[in-house]
Amino acid sequence: RDRAEATREGEGRACPRRGGRAEVLDRVRLAWRVASVTGASAGLGGAFAHALAEAGATVVLGARRLDRLQELQRTLEAAKRQALAVQVDVADPDQCGKAVSEAMAAFGRVDILVNSAGIGTAVAALKETPDEFRRVIETNLNGSYWMAQASARVMQSGSAILNIPSVLAITPPRLPHAPPSPLPPAPPRPP
């Protein structure tokens with residue numbers, strides 16, 4: 001079948017912007033939605049914020065580094081997107097509540113939460129201290145919970161919470177590996 005026929009039937013809508021197959025952002029429109037993204041000052045969080053804004057969402061940008069958030073806010077606003085930079089350390093439940101309150105005051109709703117804030121110690125597991133490990137857990141695990149809890153208190157039916165694991169979850173571990181042991185001989189089978 002040709003592209004025109006597929007387009008008429010609503011399958012594989014042609015995408016004039018990209019000159020071919022429709023992309024996700026051509027199929028998903030988030031106009032009138034407010035999306036809050038943690039970890040938006042860099043990495044995956046920044047990428048999610050850009051994608052959500054491109055899909056039409058108003059984006060609340062959350063992270064500890066306010067200067068980077070404000071830079072991203074200016075970038076999104078220059079592209080005619082609505083954004084708000086909110087400084088938040090997700091490891092602190094009170095700051096999570098305050099961030100959601102700021103979003104509500106500015107836009108009156110939160111429809112989407114993307115929990116993307118995360119840290120790593122960059123220390124080998126055998127050298128990591130308990131305090132370093134606790135800091136990672138406070139941000140990566142507890143922080144996702146605190147932000148989800150604060151957001152869920154104001155979200156309406158049909159809202160969504162997405163928890164994004166750290167890229168560190170898919171990198172090779174730094175734990176020591178024991179060499180493989182030969183398997184013991186199999187016990188004799190009973191007659």
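Tutor: A contact here means heavy atoms within 4.5 Å. Among the contacts in the protein with a separation of 6 or more, 59% are accounted for by residues 24 or more positions apart. This is a predicted model, in which local features need pLDDT of at least 70 and side-chain atom pairs count only at pLDDT 80 or more, while totals for chains, interfaces and linings use all residues. Residues are numbered from 1 along each chain as its sequence is written, and side-chain values use heavy atoms, with hydrogens and water left out.

Student: What makes up the pattern of the protein along the sequence?
Tutor: Helices (H or I, at least four residues) and strands (E, at least two) are DSSP runs, numbered from the N terminus. The protein has 6 helices and 7 strands, and they follow the pattern α-β-β-α-β-α-β-α-β-α-β-α-β.

Student: Why are helix 5 and helix 6 called oblique to each other?
Tutor: The axes of helix 5 (residues 93-107) and helix 6 (residues 130-152) cross at roughly 40° and come within 9 Å. Axes are lines fitted to C-alpha atoms, for helices over the stretch in contact, with angles from 0 to 180 degrees between N-to-C directions. Under 35 degrees counts as roughly parallel, over 145 as roughly antiparallel, 65 to 115 as roughly perpendicular and the rest as oblique; helix 5 and helix 6 are therefore oblique. The contact involves Pro93, Cys96, Gly97, Ala99 and Val100 of helix 5 and Trp146, Met147, Ala150 and Ser151 of helix 6.

Student: How do you know whether Ser144 is buried or exposed?
Tutor: Buried means under 20% relative accessible area, exposed over 50%, and partly exposed in between (1.4 Å probe, protein chains only). Ser144 has 16%, so the residue is buried. Ser144 is found in helix 6, and beyond its neighbours within four places in sequence, Ser144 is in contact with Asn115, Thr139 and Asn163.

Student: What makes Leu44 partly exposed?
Tutor: Its relative accessible area is 43%, so Leu44 falls in the partly exposed class. Leu44 sits in helix 3 (residues 43-54). Leaving aside its neighbours within four places in sequence, Leu44 is in contact with Ser116, Ile164 and Pro165.

Student: Why is the pair of Tyr145 and Trp146 called edge-to-face?
Tutor: Rings of Phe, Tyr and Trp (its six-membered ring) pair if their centres lie within 6.5 Å; planes under 30 degrees apart count as stacked, over 60 as edge-to-face and the rest as tilted. The structure holds 1 aromatic pair. Tyr145 and Trp146 form this pair, at 5.2 Å centre to centre with 70° between the planes, and are edge-to-face.
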